[in-house]
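Me: I have a structure open and want to go through how its parts pack. Can we take it piece by piece?

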Amino acid sequence: MSERGAAVEIVGELIDIVGRGHVLTDPETNAGYRTDWTGRFHGHTDVVVRPANTAEVAAVLAVCHERGVPVVPQGGNTGLVGGSVPMHGELVLSTRRLDKIEHVDPVGRTLAAGAGVTVARVQQAAREHGLDIGVDLASRDSATLGGIVATNAGGVRVIKNGGTRAQLLGIEAVRSDGCVVTRWKELTKDNVGYDLPGLLAGSEGTLAVITRVLMRLVVPVPQTVVALVAVPSVDAALVLLDRVQRHGLRLEAAEFMTAAGVDLVCRHTGLRAPFGDDAPIYLLLEVPGAGEAENALSALFTDTVLDATLEAGPARTLWRYRERHTESISAESRTPAVKLDVSVPLRVLADFFTTLDSRLRDEHPDVRVICFGHIADGNVHVNVLDVPAEKQHAITDFVLRLVADHQGSISAEHGVGHAKAAWIELGRSANDIDTMKRIRAAFDPAGILNPHVLPR
C-alpha cells in the first residue's frame with residue numbers, strides 16, 4: 001500500500017483519538033501543511049492530524065506504527081530546508097495545539113511549555129519575570145519550541161548564549177511506537193547516562209516527536225548599545241570584531257550584511273540608506289551597557305571603519321536592516337531563492353566570499369547572490385536569486401562543495417532536511433553516517449518518522 005493510501009486507511013482511528021475537527025483531509029485545508037515557508041518545497045498529504053497533548057500524540061503514533069504509516073512531524077513550518085514537508089505523501093502530525101506554557105520559575109530560571117508554543121510567546125512569558133529565552137530569531141512569531149529544538153536552531157544570540165541545545169534542560173518526546181520518554185530535571189547538573197535531550201535536539205523529527213520542552217532562561221542585560229558600521233571588506237570586519245572583543249566588550253550579537261543586501265532591503269521596505277555612501281560590508285554589533293559602552297565602542301571605530309551610527313538598544317530601526325533580509329529576498333527573486341545556511345572558519349571567510357562571488361559570476365551569470373549572517377561564528381546565509389528550477393541542484397552542489405573545500409559545514413543552524421540530504425557525505429564521514437543510522441534504527445526500527453530526512 002502507498003504511503004498516501006495507508007494514511008487514509010486509519011482516518012477513523014485518528015478521529016477516535018483527537019476528534020473529527022482535528023483530522024484534516026480536505027486538500028484546501030491541508031495546503032499550508034504541504035508547502036514550506038520558502039516556497040521551494042511542495043509535498044502532498046491526504047491526512048493532517050493535530051493532537052492536543054502527549055497522550056494523544058502517543059496514541060496517534062501507536063496506530064501509525066501498527067499500520068506502517070509514515071509520519072512527518074511539523075511545528076510552525078518555518079524551516080528553510082523542507083524538513084517538515086510531506087514530500088512523499090506522509091501523514092503530517094502537527095504539534096501546533098501543544099501550546100500551553102506550564103510554568104515559569106524565576107528562581108531556578110526555567111520555563112516549561114508545550115512543543116507548539118511559539119518563541120515569541122516564550123519570550124513574552126519570560127520577560128514578565130525579568131528573564132528571557134537565550135534563543136532569538138526573525139521567525140519568532142511562528143517558530144515553535146519543538147521546531148527550534150528539533151533543528152537545534154541558532155539565531156542572533158548564539159555568540160552570547162549558544163544554540164538551542166545549550167538552552168535545553170529537559171524534554172518529553174514520543175517514540176515511533178507510542179512510548180513516551182520523559183527526561184525532566186530542573187537542574188543544570190544531571191549527569192545520569194546519555195544526554196537524551198541533547199540527542200533529540202537537531203534530530204529533525206527522525207528519532208521521536210517532541211511534545212514538551214524544559215528550557216533554561218537567561219537574565220537579559222538592562223541596557224545595550226547597537227552599532228551599524230560600514231567597513232571596506234570582510235577582513236576589515238573581522239579586525240574590528242576582534243578589536244571589540246579584545247577590548248573587553250561582550251558581544252550580545254554580531255551580524256553582517258553586504259551592500260547588495262542592504263540596498264535590496266531599502267528598496268523593498270522603504271528604509272532609507274543607512275549612510276550617504278554605500279559600503280561593501282555592514283556590521284551590526286550589540287554590546288551591553290549605555291553611555292560608557294557607547295564611548296568605548298566609538299573609540300574602536302578608527303582606520304577600519306568607513307562610517308557608523310550608534311543607538312541605545314533595542315534600536316529596532318537598525319535591526320530592521322538585518323531582519324528584513326529574508327522577506328526582501330523572497331520578494332525580489334523571480335524564482336524561490338536557493339537558501340543555503342553554511343559556516344566556514346573565520347580564517348578563510350574572506351576567501352570563501354571572494355571565490356563564491358567570482359565563480360558564480362563566471363559560471364552562472366544569470367543569477368544573483370545575497371549573503372548575510374552571524375559573522376562571529378562564521379555562519380553565512382547564502383541566498384541565490386533567480387535560479388531556474390533546472391539549475392537549483394547545480395547551484396546547491398557548487399556552493400556546498402565550495403563550503404567543504406573551505407573546511408566548513410553544509411548546515412550551520414537550519415538542519416539538513418530535503419534541501420541537503422544528497423550532500424550529507426560532504427559533512428560527515430562514512431563511519432559517522434553509519435553511527436547515525438544505528439542510533440536512528442534504535443529509536444525507530446520501523447523507520448516511519450520523517451523517513452526521507454537524514455540517513456536511514
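Me: Which strands does helix α11 lie across?
Reply: This is a predicted model. In it, helix α11, residues 259-269, lies across β12 (253-258), β13 (281-288), β16 and β17. Its direction is at about 85° to β12.

Me: And helix α16, what does that touch?
Reply: Helix α16 (residues 392-405) packs on the sheet and touches β15 and β17. The direction of α16 makes about 10° with that of β15.

Me: What's the strand order in that sheet?
Reply: The order is β14-β11-β13-β12-β16-β17-β15, seven strands in an open sheet with antiparallel pairing. From one strand to the next the twist averages 15°.

Me: How many bridges join β16 to β17?
Reply: Seven bridges join strand β16 (residues 368-374) to strand β17 (residues 379-385). One of the residues involved is Ile370, whose bridge partner in β17 is Asn383.

Me: New topic: α2 and α4. At what angle do their axes cross?
Reply: Roughly 165°, and the axes of α2 (residues 11-18) and α4 (residues 54-67) come within 9 Å. Angles over 145 degrees count as roughly antiparallel, so α2 is roughly antiparallel to α4. The crossing is right-handed.

Me: Which residues meet there?
Reply: From α2, Glu13, Leu14, Ile17 and Val18; from α4, Glu56, Ala59, Val60, Val63 and Arg67.

Notes. Residues are numbered from 1 along each chain as its sequence is written. This is a predicted model: local features need pLDDT of at least 70, side-chain atom pairs count only at pLDDT 80 or more; totals for chains, interfaces and linings use all residues. Side-chain values use heavy atoms; hydrogens and water are left out. Two strands pair if DSSP finds at least two bridges between them. Helices (H or I, at least four residues) and strands (E, at least two) are DSSP runs, numbered from the N terminus. Axes are lines fitted to C-alpha atoms, for helices over the stretch in contact, and angles run from 0 to 180 degrees between N-to-C directions. Contact means heavy atoms within 4.5 Å. Angles under 35 degrees count as roughly parallel, over 145 as roughly antiparallel, 65 to 115 as roughly perpendicular and the rest as oblique. A crossing is left-handed if the near helix is turned anticlockwise from the far one by less than a right angle, and right-handed if clockwise.
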